[in-house]
Amino acid sequence: MANQLYRGNHISTPPAKRINRRIRRLIISGGCVFLLAFILLNLGAALHAHRLTRFADYPSGARPVPEAMSAWDRLTFAVTGGFAPKSRLKAQPDFPFEPIDIITTTSGTLRGWQSISSPGTTATIILCHGHGATRSALLTEADFFRGLGLRVVMFDFRAHGESSGDVCSIGYHEAADVKAVYDYVRAAHSADHILLYGISMGAVASARAIAEYDLQPTALILEMPFNRLLDAVRARVRLMKLPAEPASSLLTFWGGVQLGFSGFDLATADYVKSAACPILLQWGTADQRVSKQEILAIKNAAPNGTLHLETYPGLGHSSLAKKANGQWTKNVHQWLSRNLPK
């Protein structure tokens, strides 16, 4: 009874022992709260990642834009991921074209357009759109390249536009789509030089396709590619005016788990190391989704002498060809003149 005190007819617990019990209860309660918060945070991240990478054929509704959301909408979107309607074609080419269907083993049918070119055409450029867009978003670029005498092939990535599927991996599995279209062009026009042009996710997928499938394009044009998937997710979270971490890392982790790859391994700088062709990298200095540090990381990773960087002051994450057509046309034309075989 050394640890007990007698007070009248009652046995009292020493104060130090009572304090220790309170501390243990606080630790256990705190641990339970932390565990519950950890579980809820991961469940929310997994749900958000699921919805972010899946598209549905909604009869109406616009794609949510983080920059334009209210505080409540941002909070709701952060927890649930919101809805993502499948993108739809908004226009068709003014130039002569024919529809193409490319059957793949990994993503069903990819639908696209191929310009009808003159018999003397010896080069084809494949246009790869960004996340949530369609091939119709690149009609300005298509008009320009066709005007230079190139055959233009443009397509919808899996889960976009008229192509099959509803799951998008933000560039990882889309590299297989680029390969499928590249193989189609090589089979249909075996004597052609093949160029790749990609914007945003399309740029990442193009670079990854070269590294993953040993593609050998004549030239590669990358516009506004994010470097790492984690970078892209962090930018998205920041645009919602939410703390970047731990949400970004959790979204990247769960997105990769659900799609069958490590989200932390998706890195454009790693892919451009495999490119043996000339690369034109273009970026707007006011881009809130892709940072200068990411662009410089990609530039510095490319083999010496293969990459040329063009920047567009004051432009953000949208079509450079539409926003600065004169500058864009001049830069691309001059670069192609130096790097496209005569």
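User: Is Val272 buried or exposed?
Analyst: Val272 is buried, at 1% relative accessible area; buried means under 20%, exposed over 50% and partly exposed in between, using a 1.4 Å probe and protein chains only. This is a predicted model, where local features need pLDDT of at least 70, side-chain atom pairs count only at pLDDT 80 or more, and totals for chains, interfaces and linings use all residues. Residues are numbered from 1 along each chain as its sequence is written, and side-chain values use heavy atoms, leaving out hydrogens and water.

User: Ok, which helix does Val272 lie in?
Analyst: Helix α8, residues 268–272. Helices (H or I, at least four residues) and strands (E, at least two) are DSSP runs numbered from the N terminus.

User: And what does Val272 touch?
Analyst: Not counting residues up to four places away in sequence, its contacts (heavy atoms within 4.5 Å) include Ile279, Ile298 and Pro303. Ile298 is 26 residues away in sequence, with 7.2 Å from C-alpha to C-alpha.

User: Switching to the sheet: what's the strand order?
Analyst: It's an open sheet of 8 strands with mixed pairing, ordered β3-β4-β6-β5-β7-β8-β9-β10. Strands pair if DSSP finds at least two bridges between them.

User: Which strands stand at the edges?
Analyst: β3 (97–103) and β10 (307–312); each has a single partner strand, so one side of each lacks a neighbour in the sheet.

User: How many bridges join β9 to β10?
Analyst: There are 6, and the two strands run parallel. Ile279 stands opposite Leu307 in β10.
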